[in-house]
Amino acid sequence: SIVKKKYPVLCQAAHSIGSVQIRNMATIGGNLCNAAPSADMAPALIALEAECKVQGAKGKRTISLEDFFAGPGETVLKKGEILTEIIVPKLAGKCFGVYIKHGLRKAMDIAIAGVCVLVTKERGKLKDVKITLGAVAPTPIRAKNAERILLDGDLSEDSVTEAAEEAAKACFPISDVRSSEWYRREIVKVLVRRGLRECLEKV
Ligand SMILES: Cc1cc2nc3c(=O)[nH]c(=O)nc-3n(C[C@H](O)[C@H](O)[C@H](O)COP(=O)(O)OP(=O)(O)OC[C@H]3O[C@@H](n4cnc5c(N)ncnc54)[C@H](O)[C@@H]3O)c2cc1C
């Protein structure tokens, strides 16, 4: 209930995974260490600036989740290291986030694209925007240029559209059984626009 209250976007992301049976068995650590580009927990946790505590025979270290993934199925964990904790910082200001998973089915489906948008306001002014993408590159990624458009500009519909187009440029998708590369870029534009509109309205 703490996670639900403080970080509802994490609940939303977790709820999109597999089925009740999978969610009961799977761990968030396993979801991250598995390092699938489509891992549903990754975009929301990267947007929340989560850090990974890692333990190995030679000691502990902390890695930003943004730097945790090295490629499809690969993390920066060294031989013998395990992920022991995921630290999610306290949110400052008023925050609203959404995770939008796009797939062919409503359950038991791997994302064609997963988009997380997190908007923070302080004293009525935009303080931060995070746009993170899953399943559209070899690792989950942040669309930093898209974030900058909103942080440096205004929050008009034109800026939202421009940011969505910039987010699509950050993708390096593949064509596979689920989707073509072209479709993944197009759907990222749609989902980022949708996510930004919802966050800006509700924050
Ligand atoms: C039917 C099905 C549907 C699925 N649907 C989805 C979905 O919709 N969205 C999605 O994102 N994923 C989905 N998955 C993948 C699933 O989320 C992940 O496999 C799950 O979260 C992994 O958690 P786990 O605890 O079972 O990890 P495991 O499968 O036990 O581990 C995965 C990998 O990570 C390593 N590992 C696990 N924990 C640690 C740790 N603490 N430190 C270091 N290495 C570790 C393991 O050695 C292994 O290599 C699905 C899987 C199945 C079978």
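Visitor: Hi! Where does Glu 49 lie?
Guide: Glu 49 lies in the loop between α5 (41-47) and β1. Keep in mind that this is a predicted model.

Visitor: Okay. What is the phi of Glu 49 near?
Guide: Its phi is near 60 degrees, which is a positive value in a residue other than glycine. Most residues other than glycine have a negative phi.

Visitor: Is Glu 49 buried, exposed or partly exposed?
Guide: Glu 49 counts as partly exposed, because its relative accessibility is 44%, between the 20% and 50% cut-offs.

Visitor: Which other residue has a positive phi without being glycine?
Guide: Arg 123 is one of them, with a phi near 45 degrees. You'll find Arg 123 in the loop between β7 (113-122) and β8.

Visitor: And Arg 123, buried or exposed?
Guide: Arg 123 is exposed, because its relative accessible area is 81% and the cut-off is over 50%.

Visitor: Back to β1. Which strand is β1 joined to by bridges, and how many are there?
Guide: Strand β1 (residues 51-56) is joined to strand β2 (residues 59-64) by six bridges, and the two run antiparallel.

Visitor: What stands opposite Cys 52?
Guide: That would be Ile 63, in β2.

Visitor: Switching topic: how is the chain divided?
Guide: There is a domain 1 (2-87) and a domain 2 (94-202). Their C-alpha centres lie 19 Å apart.

Visitor: How many residues are in contact between domain 1 and domain 2?
Guide: On the domain 1 side 23 residues take part, and they are in contact with 23 residues of domain 2.

Visitor: Now pockets. What volume does the largest pocket have?
Guide: The largest pocket has a volume of about 620 Å³.

Visitor: How many residues line the largest pocket, and which lie nearest its centre?
Guide: The lining has 33 residues, and those nearest the centre are Asn 31, Ser 38, Ala 39, Asp 40 and Ile 110.

Visitor: Which domains does the lining draw on?
Guide: Domain 1 (2-87) and domain 2 (94-202) each provide at least three residues of the lining of the largest pocket.

Visitor: And which helix gives the most to that lining?
Guide: That is α4, with three residues. Both α3 (20-25) and α4 (28-33) supply at least two residues each.

Visitor: What does the lining have by class?
Guide: In the lining of the largest pocket, 20 residues are nonpolar, six are polar and seven are charged.

Visitor: Next, Val 136. Where is its place?
Guide: Val 136 sits in the loop between β8 (125-134) and β9 (141-142).

Visitor: Buried or exposed?
Guide: Val 136 is buried, because its relative accessible area is 0% and buried means under 20%.

Visitor: What does Val 136 touch?
Guide: Leaving out residues up to four places away in sequence, Val 136 touches Ile 112, Ala 113, Cys 171, Phe 172, Pro 173, Arg 184 and Val 188.

Visitor: How far apart are Val 136 and Ala 47?
Guide: Val 136 and Ala 47 are 89 residues apart in sequence, and in space they are 16 Å apart, C-alpha to C-alpha.

Visitor: Last one: where does Ser 179 lie, and what does Ser 179 touch?
Guide: Ser 179 lies in the loop between α7 (157-169) and α8 (181-202). With residues up to four places away in sequence not counted, Ser 179 touches Ile 112, Ile 174 and Arg 184.

Visitor: Why does Ser 179 count as buried?
Guide: Ser 179 counts as buried because its relative accessibility is 8%, and the cut-off for buried is under 20%.

Technical notes: Residues are numbered from 1 along each chain as its sequence is written. This is a predicted model: local features need pLDDT of at least 70, side-chain atom pairs count only at pLDDT 80 or more; totals for chains, interfaces and linings use all residues. Side-chain values use heavy atoms; hydrogens and water are left out. Two strands pair if DSSP finds at least two bridges between them. Helices (H or I, at least four residues) and strands (E, at least two) are DSSP runs, numbered from the N terminus. On a 1 Å grid over the protein atoms alone, a cavity is a set of points where a 1.4 Å probe fits but cannot get out, and a pocket is an open set with protein on both sides within 12 Å along at least five of seven lines; lining residues have an atom within 4 Å of a point. Grid points are joined across faces, edges and corners, and a volume is the space filled by probe spheres set on the points. Ala, Val, Leu, Ile, Met, Phe, Trp, Tyr, Cys and Pro count as nonpolar, Asp, Glu, Lys and Arg as charged, and the others, Gly among them, as polar. Domain bounds come from an automatic or database domain assignment. Buried means under 20% relative accessible area, exposed over 50%, partly exposed in between (1.4 Å probe, protein chains only). Contact means heavy atoms within 4.5 Å.
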